[in-house]
Amino acid sequence: MSGGVPADPLRYLAGYPAQALDQVRALLQQPDGLATVLRRRYPEPHGVRSDRALYDYVAELKAEYLRQAPQVERVVFDSKLQLVHQALGLHRSMARVQGSKLKAKREIRIAALFRDAPPEFLRMIAVHELAHLKEADHDRAFYRLCEYMEPRYHQYEFDVRLYLAHLDAAGGRLWQPAA
Ligand SMILES: [Zn+2]
């Protein structure tokens, strides 16, 4: 992106229907427009604060829906994942050579902005990353798996993108950790 030119917050919503984008554009023009909508829809933050708690949270989801999928060794909040294209998480399957054996180490890194977020957003991102244990691409099978784990997956992903647009439009964080 060239310096000085404000980025278009709607870039997070590329591919959504024009009508939805018009509504978002209108909300972006009102002060606190997106913030008001998001706070009303998602009033409370979740309570998953540490990497350990995050690991347990993801492990529980996996045990419920993806018992057969490969083991996840590590799950962390990553404060370096701030770029837009990374905001929906990063899935890695790193090959590590151990002696003569090749061992796959799987880790899930979740952008730190999801630490201060409602439970629905954390669930959406966790479901997304878990689905990648079985499906590498963002194809039909991938989204079917996401919906199996969370029937409202698509709504939540859209709203996460709304939040990214809100942040990109210089709106502040909307959720603080529960006291
Ligand atoms: Zn993905």
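Colleague: Okay, what does the secondary structure of the protein come to?

Modeller: Keep in mind that this is a predicted model. The protein has six helices and three strands.

Colleague: And what pattern does the protein follow along the sequence?

Modeller: Reading along, you get α-α-α-β-β-β-α-α-α.

Colleague: How much of the protein counts as buried?

Modeller: Out of 179 residues, 26% are buried.

Colleague: What about contacts between residues at least 6 apart in sequence, what share join residues at least 24 apart?

Modeller: That share is 68% in this protein.

Colleague: Let's go to H4. Is that helix mostly covered or mostly uncovered?

Modeller: Mostly covered, since buried residues make up 11 of the 13 in H4. Among them are Phe 121, Leu 122, Met 124, Ile 125 and Val 127. Some charged names turn up in that buried set too, including Arg 123 and Glu 129.

Colleague: How does the span of H4 agree with 1.5 Å a residue?

Modeller: It agrees: the 13 residues should span 18 Å, and the end C-alpha atoms of H4 are 18 Å apart.

Colleague: Now, at what angle do H4 and H6 pack?

Modeller: The angle between H4, residues 119-131, and H6, residues 153-168, is about 110 degrees, and the two axes lie 9 Å apart. The pair is therefore roughly perpendicular, because angles of 65 to 115 degrees count that way.

Colleague: Which residues make the contact?

Modeller: On the H4 side you have Glu 120, Phe 121, Arg 123, Met 124 and Val 127. H6 brings Tyr 153, Tyr 156, Glu 157 and Val 160.

Colleague: And by class, what does the contact of H4 with H6 have?

Modeller: Six nonpolar residues and three charged ones, with no polar residues.

Colleague: You listed Phe 121 there. What is Phe 121 in contact with, leaving aside neighbours within four places in sequence?

Modeller: Phe 121 is in contact with Phe 114, Tyr 156 and Val 160.

Colleague: Switching to the largest nonpolar core: which residues touch the most other members?

Modeller: That core holds 30 residues, and the ones touching the most other members are Phe 114, Phe 121, Leu 122, Met 124, Ile 125 and Val 127.

Colleague: Which gives the most?

Modeller: H4 does, with eight residues.

Colleague: New topic. Where does His 46 lie?

Modeller: His 46 is in the loop between H2 and H3.

Colleague: Does His 46 count as buried or exposed, and why?

Modeller: His 46 counts as buried because 21 C-beta neighbours sit inside 10 Å, and the cut-off for buried is 20 or more.

Colleague: What does His 46 touch, not counting residues up to four places away in sequence?

Modeller: His 46 touches Ala 117, Pro 118, Pro 119 and Leu 122. As for Glu 120, His 46 is 74 residues from it in sequence, while their C-alpha atoms are 8.3 Å apart in space.

Colleague: What about Ala 165, which helix is that in?

Modeller: Ala 165 lies in H6. With 22 C-beta neighbours inside 10 Å, Ala 165 counts as buried.

Colleague: And what is Ala 165 in contact with, away from its sequence neighbours?

Modeller: Leaving out anything within four places, Ala 165 is in contact with Pro 9, Leu 10, Tyr 12, Leu 13, Val 24, Leu 28 and Leu 34. Ala 165 and Leu 34 are 131 residues apart in sequence, and 8.6 Å apart from C-alpha to C-alpha.

Colleague: Where is Ala 14, and is Ala 14 buried or exposed?

Modeller: Ala 14 is placed in the segment before H1. Ala 14 counts as exposed, with 9 C-beta neighbours inside 10 Å.

Colleague: Last one: where is Asp 32 found?

Modeller: Asp 32 is in the loop between H1 (18-29) and H2 (33-41). Its phi is near 60 degrees, which is a positive value in a residue other than glycine. Asp 32 is partly exposed, with 13 other C-beta atoms within 10 Å.

How values were computed
Residues are numbered from 1 along each chain as its sequence is written. This is a predicted model: local features need pLDDT of at least 70, side-chain atom pairs count only at pLDDT 80 or more; totals for chains, interfaces and linings use all residues. Helices (H or I, at least four residues) and strands (E, at least two) are DSSP runs, numbered from the N terminus. A residue is buried if 20 or more other C-beta atoms lie within 10 Å of its own, exposed if 12 or fewer, and partly exposed in between; C-beta atoms are placed from the backbone. Two residues are in contact if their C-beta atoms, placed from the backbone, lie within 7 Å. Axes are lines fitted to C-alpha atoms, for helices over the stretch in contact, and angles run from 0 to 180 degrees between N-to-C directions. Angles under 35 degrees count as roughly parallel, over 145 as roughly antiparallel, 65 to 115 as roughly perpendicular and the rest as oblique. The expected span of a helix is 1.5 Å times one less than its number of residues. A nonpolar core is a set of buried Ala, Val, Leu, Ile, Met, Phe, Trp, Tyr and Cys residues joined through C-beta atoms within 7 Å.
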